[in-house]
Each structure stands twice: as C-alpha cells, then as structure tokens.
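Subject: Structure handover

Hello,

Here is the structure to take over from me. My notes on what was found follow it.

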Amino acid sequence: EDHCDCEHSSPLKSAVHHTFNIFLIIFGVTLILNGILEWIGLDGVRSFVTDAGIFAPILSCLVGLIPNCVVSVVITEAYLSGIIGLGGLFAGLLSNAGIGMLVLFRSNANMKENISVVLISCCLSAIVGIVIGLVL
C-alpha cells in the first residue's frame with residue numbers, strides 16, 4: 001500500500017509520480033556518495049580498507065547496503081583496481097539489493113522484520129566474504 005490515492009488518478013500520472021519519487025531518492029543517495037568519495041578521495045578509501053585487513057568484507061558489506069544500484073559498480077571497480085579482495089567483492093555484492101531494501105521498508109510496516117532481513121543479509125554476506133577471503 002503506497003497510500004497515494006493512485007486508484008483515483010490515471011495510470012500515467014501514477015507512474016510518473018512514483019518514478020519521480022524513486023528518482024529523487026536515487027539522485028540524493030548518488031549525490032551524497034559522490035560528495036563523500038570526492039571528500040575522502042580514492043587513496044583515502046584505499047588506506048581505510050587496507051587498514052581494515054580481515055574485516056574489509058564487513059566494510060564492503062556495509063557499503064553494499066547503500067540503496068543504489070551504482071554501488072555494485074563501485075564495488076566491482078574497487079575489486080578490479082585492487083582496493084578490495086575477492087572476499088570484499090562477494091560480501092559487497094551479496095548484501096547489495098539496489099533499492100530493494102527501500103521498497104521493503106516502505107512496503108512492510110513491521111520494522112522488526114525489516115531490520116531482521118537487513119541484519120541477516122549483512123551478517124551472511126560478511127561471513128561469506130570473510131570465508132572466501134581466508135580460503136582464496
């Protein structure tokens with residue numbers, strides 16, 4: 001339930017309204033991410049992840065939780081440029097759901113369930129990333 005009174009308006013108006021709302025969310029998150037990356041810089045990110053050592057997959061997992069599809073591209077680029085290892089790649093990509101988590105929080109009123117889904121996703125992703133990092 002979006003509670004937007006869509007059933008009383010045209011399908012085109014409803015689609016444009018919802019698309020614009022999603023656009024604003026994605027634009028805002030992208031703007032914040034770009035600002036942070038510009039402020040910290042690639043070398044700052046590299047040293048932060050390098051200092052994390054075995055816990056780098058946990059950081060990648062947390063980055064994967066950012067509600068934006070471009071995060072998967074950033075994580076893959078970080079792997080290809082040697083900033084994160086294979087474990088970090090897996091952890092970040094496994095926890096990444098694009099804007100799926102936003103849809104979950106918007107559609108499901110039970111916050112306890114929503115937080116449980118996020119925590120389970122993050123913990124499993126981090127565990128898989130750490131194991132892959134140790135094994136490979």
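Contact here means heavy atoms within 4.5 Å. The model is predicted.

Serine 125 is a place to start. Leaving aside residues up to four places away in sequence, serine 125 touches Cys61, Ala91, Leu94 and Ser95. The residue sits in helix α6, and its side chain reaches the backbone oxygen of serine 121 at 2.7 Å. Serine 125 has a relative accessibility of 4%, so it counts as buried, the cut-off for buried being under 20%.

Leucine 124 is also placed in helix α6. Its relative accessible area is 52%, and it is therefore exposed, given that exposed means over 50%.

Leucine 124 belongs to a nonpolar patch on the surface, together with Ile54, Phe55, Ile58, Leu62, Ile120, Ile127, Val131, Leu134, Val135 and Leu136. The patch residues have about 1100 Å² of accessible area together. Two or more of them come from each of α2 (56-64) and α6 (111-135). Helix α6 gives the largest share of the patch, six residues.

Regards

Technical notes. Residues are numbered from 1 along each chain as its sequence is written. This is a predicted model: local features need pLDDT of at least 70, side-chain atom pairs count only at pLDDT 80 or more; totals for chains, interfaces and linings use all residues. Side-chain values use heavy atoms; hydrogens and water are left out. Patches are made of residues with over 30% relative accessible area and no salt bridge: like charges are joined within 9 Å, nonpolar side chains (Val, Leu, Ile, Met, Phe, Trp, Tyr) within 5 Å. Accessible areas come from the Shrake-Rupley method with a 1.4 Å probe; for residues, only the protein chains shown count as cover. A salt bridge is a side-chain nitrogen of Lys or Arg within 4 Å of a carboxyl oxygen of Asp or Glu. Helices (H or I, at least four residues) and strands (E, at least two) are DSSP runs, numbered from the N terminus. Buried means under 20% relative accessible area, exposed over 50%, partly exposed in between (1.4 Å probe, protein chains only). A polar contact is a pair of N or O atoms within 3.5 Å; within protein, one must be able to donate a hydrogen and the other to accept it, and residues adjacent in sequence count only if both atoms are side-chain atoms.
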